[in-house]
Amino acid sequence: MLLTGPSGSGKSSLAARSGLPVLRLDDFYKEGTDPTLPLVEGSSDIDWDSPESWDADVAVAAVAELCRTGRTEVPVYDIATSSRTGTETLDISRTPLFIAEGIFAADIAARCQELGLLADAICLRGRPSTTFRRRLARDLREGRKSLPFLVRRGLRLMRAERGIVARHVALGAHACGGDEALGRLAAAAAGRHRSASTAAA
């Protein structure tokens, strides 16, 4: 199950409420020293909201290995320092369904579908103003970046939020609110428990 949506839309909270194992796709960000990182147009800020700031190939490989074996090694990423600080083993104990959650999840939906790994793809949708407040409070609480950077990013994302959701839908995700998303998660889990012998995202 792929779970995407704008930054601050509540993906992590919903994934935790589901009770399913979670693969954090944000841990596959590139490091801050990577020369291929994109910049925000007209700015010296790194564009962490561009898929080019993220390693889709390694993320898909992790999803595939989880589906095949029930475990995989994943990077541990520190957003505050834009660096990978180590690795850890994610073991889902052969659970038939898990959630791969992150702002770029929809970018790998087609590849997961082609590999026969996709149970569903959901994009959380809400009010841009609510998302802005939730995102800023979280990022300040966790000390993710400097306040000026977070405010610039937050305002930019608030203006772009409807377009972000539309892009995720175009990539194959179903846009909905939290209650419907939990219903789709439950339905996918029930279907997998009845019929699947291998895990699926």
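Reader: What counts as a helix or a strand here?
Author: Helices are DSSP runs of H or I with at least four residues, strands are runs of E with at least two, and both are numbered from the N terminus. The model is a predicted one.

Reader: How many helices and strands does the protein have, then?
Author: Six helices and seven strands.

Reader: In what order do the elements run from the N terminus?
Author: The order is β-α-β-α-β-β-β-α-β-α-α-β-α. The protein is as compact as a globular protein of its length, because its radius of gyration of 16 Å is close to the 17 Å that the globule rule gives for 201 residues.

Reader: What does the C-alpha trace span along its principal axes?
Author: About 50 × 35 × 30 Å.

Reader: What share of the residues is buried?
Author: Of the 201 residues, 46% are buried. The protein exposes about 9,700 Å², and 52% of that comes from carbon and sulfur atoms.

Reader: And what about charge: how many positive and negative side chains?
Author: There are 27 positive and 25 negative side chains, and the centres of the two sets are 6 Å apart.

Reader: Back to the inside. Which residues touch the most other members of the largest nonpolar core?
Author: That core has 39 residues, and the ones touching the most other members are Leu2, Leu23, Leu25, Phe28, Val63, Phe98 and Ile108. Two or more residues each come from helix H2 (56-69), strand E3 (71-78), helix H3 (109-114), strand E6 (121-124), helix H4 (128-141) and helix H5 (147-170). H2 gives the largest share, six residues.

Reader: Take Phe28. What is it in contact with, leaving aside neighbours within four places in sequence?
Author: Phe28 contacts Leu23, Trp54, Asp55, Val58, Ala59, Ala62, Val74, Pro75 and Arg84.

Reader: Leu23 is on that list. Where is its place?
Author: Leu23 sits in strand E2, residues 22-24. Its relative accessible area is 1%, so Leu23 is buried. Beyond four places in sequence, Leu23 is in contact with Phe28, Ala62, Val63, Leu66, Val74, Leu90, Phe98, Ile99, Ala100 and Glu101.

Reader: Now Leu14. Which residues does Leu14 touch, not counting those up to four places away in sequence?
Author: Leu14 touches Leu3, Leu124, Gly178, Ala181, Leu182 and Leu185. Leu14 belongs to helix H1, residues 11-18. With a relative accessible area of 4%, Leu14 is buried. The C-alpha atoms of Leu14 and Asp179 are 9.3 Å apart, although the two residues are 165 residues apart in sequence.

Reader: What percentage of contacts between residues at least 6 apart in sequence join residues at least 24 apart?
Author: 75% of them.

Reader: Moving on to strand E6. Why does Ala121 count as buried?
Author: Ala121 counts as buried because its relative accessibility is 4%, and the cut-off for buried is under 20%. Ala121 lies in E6. Leaving aside neighbours within four places in sequence, Ala121 is in contact with Met1, Leu2, Gly172, Ala173 and His174.

Reader: How far apart in space are Ala121 and Ala16?
Author: C-alpha to C-alpha they are 17 Å apart, and in sequence they are 105 residues apart.

Reader: What about Ala166, why only partly exposed?
Author: At 44% relative accessibility, Ala166 counts as partly exposed; exposed would need over 50%. Ala166 is in helix H5. From Ala166 to Arg125 is 10.0 Å, C-alpha to C-alpha, and 41 residues in sequence.

Reader: Backbone next. Which residue has a positive phi although it is not a glycine?
Author: Ser82, with a phi of about 55 degrees.

Reader: Where is Ser82 found?
Author: In the loop between E3 and strand E4 (83-91).

Reader: Buried or exposed?
Author: Ser82 counts as buried, at 9% relative accessibility.

Notes
Residues numbered from 1 in each chain as written. Predicted model: local features only at pLDDT ≥ 70, side-chain atom pairs only at ≥ 80, totals over all residues. Heavy atoms only, no water. Rg over C-alpha atoms; globule rule 2.2 N^0.38 Å. Buried < 20%, exposed > 50% of the residue type's maximum accessible area, 1.4 Å probe, protein only. Contact = heavy atoms within 4.5 Å. Areas by Shrake-Rupley, 256 points an atom, 1.4 Å probe, with all protein chains shown as cover. Lys, Arg positive; Asp, Glu negative; His and termini not counted. Charge placed at Lys NZ, Arg CZ, Asp CG, Glu CD. Core = buried A, V, L, I, M, F, W, Y, C linked by side-chain atoms within 4.5 Å.
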